[in-house]
There are 2 protein chains.
Amino acid sequence: MDNRRGGREQATEDRRRELLEAADRVVLRDGPGASMNAIAAEAGITKPILYRHFGDKGGLYRALAVRHTDALLAALRAALDAPTGRRERVEATLDTYLAAIEARPQVYRFLMHPADGGAQDAPEPPAAESAERDFEVGRHSAPLLRRLGEELAQVIADRIDFGPGGAVIARAWGHGIVGMMHAAGDWWLHERPCTRAELVQSLADLLWGRLAAAADKAGGPGL
Amino acid sequence: MDNRRGGREQATEDRRRELLEAADRVVLRDGPGASMNAIAAEAGITKPILYRHFGDKGGLYRALAVRHTDALLAALRAALDAPTGRRERVEATLDTYLAAIEARPQVYRFLMHPADGGAQDAPEPPAAESAERDFEVGRHSAPLLRRLGEELAQVIADRIDFGPGGAVIARAWGHGIVGMMHAAGDWWLHERPCTRAELVQSLADLLWGRLAAAADKAGGPGL
DNA sequence: TCGCATTCGTTACCGTCGGTAACGCAAGTC
DNA sequence: GACTTGCGTTACCGACGGTAACGAATGCGA
């Protein structure tokens with residue numbers, strides 16, 4: 001039908017988008033762990049073509065994650081680039097993240113828990129001689145966190161002047177801050193013990209060294 | 001054999017411990033996602049008795065997690081209670097955590113990714129009318145993080161004097177700091193870009209407000 | 001001593017899932 | 001009109017979590 005224009009590549013690209021949107025709908029409805037069958041059904045087709053497009057479930061999830069991560073990253077970058085003071089930028093970034101996970105908790109949930117990740121070493125056939133030798137702790141959790149961490153690290157490294165070896169510090173901070181945001185956001189979304197603005201203030205205060213500056217409680221063990 | 005003493009309850013308790021140790025070995029060897037079959041085989045028995053003891057896989061994993069979490073918590077509490085300055089305590093706590101995940105990455109990996117968690121709402125039969133209505137983002141990730149966060153929040157609330165409403169701030173900080181530790185530790189364990197001591201210093205600096213105090217890079221957009 | 005209930009353990013199975021092989025069918029080409 | 005080339009299907013595989021139904025061993029009252 002609409003095969004005019006370049007060729008089939010355009011068509012398969014459209015197809016891919018369509019499949020991703022269907023997958024998105026299903027994941028949004030059923031949470032992570034949505035089955036490939038369900039996704040295929042939602043898209044009006046069957047499993048094998050899903051696999052032809054995305055390889056395996058990890059591929060589909062990765063593609064989905066990239067979509068949403070890109071959107072979130074764009075919003076965060078905007079907050080990070082606002083022409084205001086550093087404190088305001090930090091607050092805006094925190095608020096942007098929290099607003100995003102508040103608005104679409106299912107998406108957020110999916111992004112943070114993408115089933116597994118990928119290929120440890122050898123699944124199992126060769127006995128199991130990987131033993132404790134294989135570390136490779138990584139990729140168990142969310143690639144999103146890693147991406148956000150690296151992104152923030154880049155911004156930090158660009159903006160703040162550490163001494164030599166500063167790149168590593170910036171990365172540690174990037175991942176650390178993202179983790180802080182994530183964990184606090186997760187807890188907050190679950191229990192809603194305060195408003196978003198209050199949480200933003202608390203976390204910004206934490207990053208602003210209030211932990212070091214705060215007074216001990218009376219009767220404490222000193223310091 | 002050793003049925004003297006109270007009765008069978010003692011025996012089943014021993015059994016349970018034995019099974020948990022077997023499960024521990026398997027999880028340590030095969031990573032999370034170790035199958036119930038494998039665990040049962042390691043314990044020298046078959047699946048159904050595992051299910052009789054722990055209900056379902058979540059139950060077993062929860063029991064395992066509690067064991068390790070308790071051990072880690074004890075170590076962290078010791079670091080948190082050291083009779084030194086606040087900065088030293090923070091550094092000791094960070095170092096304790098990082099040393100733990102460094103020493104046993106498989107255990108750590110398992111704790112942070114306990115398969116799923118539990119019972120969303122209705123798995124699927126009733127059509128799927130939960131829709132986007134059900135929030136309940138929680139419990140998707142690790143209960144360990146929550147426990148650590150609450151624990152740290154308690155220590156913070158005990159030791160630092162916030163004004164009214166301080167309990168919520170302490171909890172936000174507790175979860176935030178734990179998340180920071182976790183994410184940074186995860187990244188560090190994966191890439192090993194620096195020594196443990198260096199990471200501890202970087203994170204402690206971050207918590208000490210160095211982000212607020214640090215100088216802008218030359219040519220930056222000002223503040 | 002026999003029967004009987006209870007407990008521990010087994011084998012054998014179910015439903016679902018991720019993933020794949022083999023086939024069917026339409027369209028473009030000579 | 002035969003021939004390739006993709007898209008899509010059905011039908012299947014192996015592994016998993018979980019369970020039902022059945023087999024010994026043990027304790028106990030008659």
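## Helices H7 and H8 of chain B

In chain B, helix H7 (residues 143-159) and helix H8 (residues 166-191) have axes that come within 7 Å and cross at roughly 130°, where axes are lines fitted to C-alpha atoms, for helices over the stretch in contact, and angles run from 0 to 180 degrees between N-to-C directions. H7(B) and H8(B) are therefore oblique to each other, since angles under 35 degrees count as roughly parallel, over 145 as roughly antiparallel, 65 to 115 as roughly perpendicular and the rest as oblique. The helices are DSSP runs (H or I, at least four residues), numbered from the N terminus.

Among the residues of H7(B) that meet H8(B) are B:Leu145, B:Leu148 and B:Ile156, while those on the H8(B) side include B:Trp173, B:Ile177 and B:His182; contact requires C-beta atoms, placed from the backbone, within 7 Å. By class, this contact of H7(B) with H8(B) has eleven nonpolar, six polar and two charged residues (Ala, Val, Leu, Ile, Met, Phe, Trp, Tyr, Cys and Pro count as nonpolar, Asp, Glu, Lys and Arg as charged, and the others, Gly among them, as polar).

## Basis of the model

This is a predicted model, in which local features need pLDDT of at least 70 and side-chain atom pairs count only at pLDDT 80 or more, whereas totals for chains, interfaces and linings use all residues. Residues are numbered from 1 along each chain as its sequence is written, and chains are lettered from A and ligands numbered from 1 in the order in which they are written.

## Chain A: domains and a helix pair

The domain assignment, which is automatic or from a database, divides chain A into domain 1 (12-55) and domain 2 (65-117 + 141-208), and the centres of these domains, taken over C-alpha atoms, are separated by 29 Å.

Helix H5 (residues 86-103) and helix H8 (residues 166-191) of chain A pack at an angle of about 45° with their axes 10 Å apart. In this pair, A:Leu94, A:Tyr97, A:Leu98, A:Ile101 and A:Glu102 of H5(A) meet A:Met181, A:Gly185 and A:Leu189 of H8(A), a contact of six nonpolar, one polar and one charged residue.

## Surfaces near the DNA

DNA strand D is surrounded by 15 residues, the closest being A:Thr46, A:Pro48, B:Ser35, B:Asp56 and B:Lys57, where a residue is near a strand if its C-beta atom, placed from the backbone, lies within 6 Å of it. The elements giving two or more residues to this surface are helix H1 (8-30) and helix H3 (47-54) of chain A, together with helix H2 (36-43) and helix H3 (47-54) of chain B.

Around DNA strand C there are also 15 residues, with A:Ser35, A:Asp56, A:Lys57, B:Thr46 and B:Pro48 the closest. The surface near DNA strand C divides into six nonpolar, four polar and five charged residues.

Technical notes:
Two residues are in contact if their C-beta atoms, placed from the backbone, lie within 7 Å.
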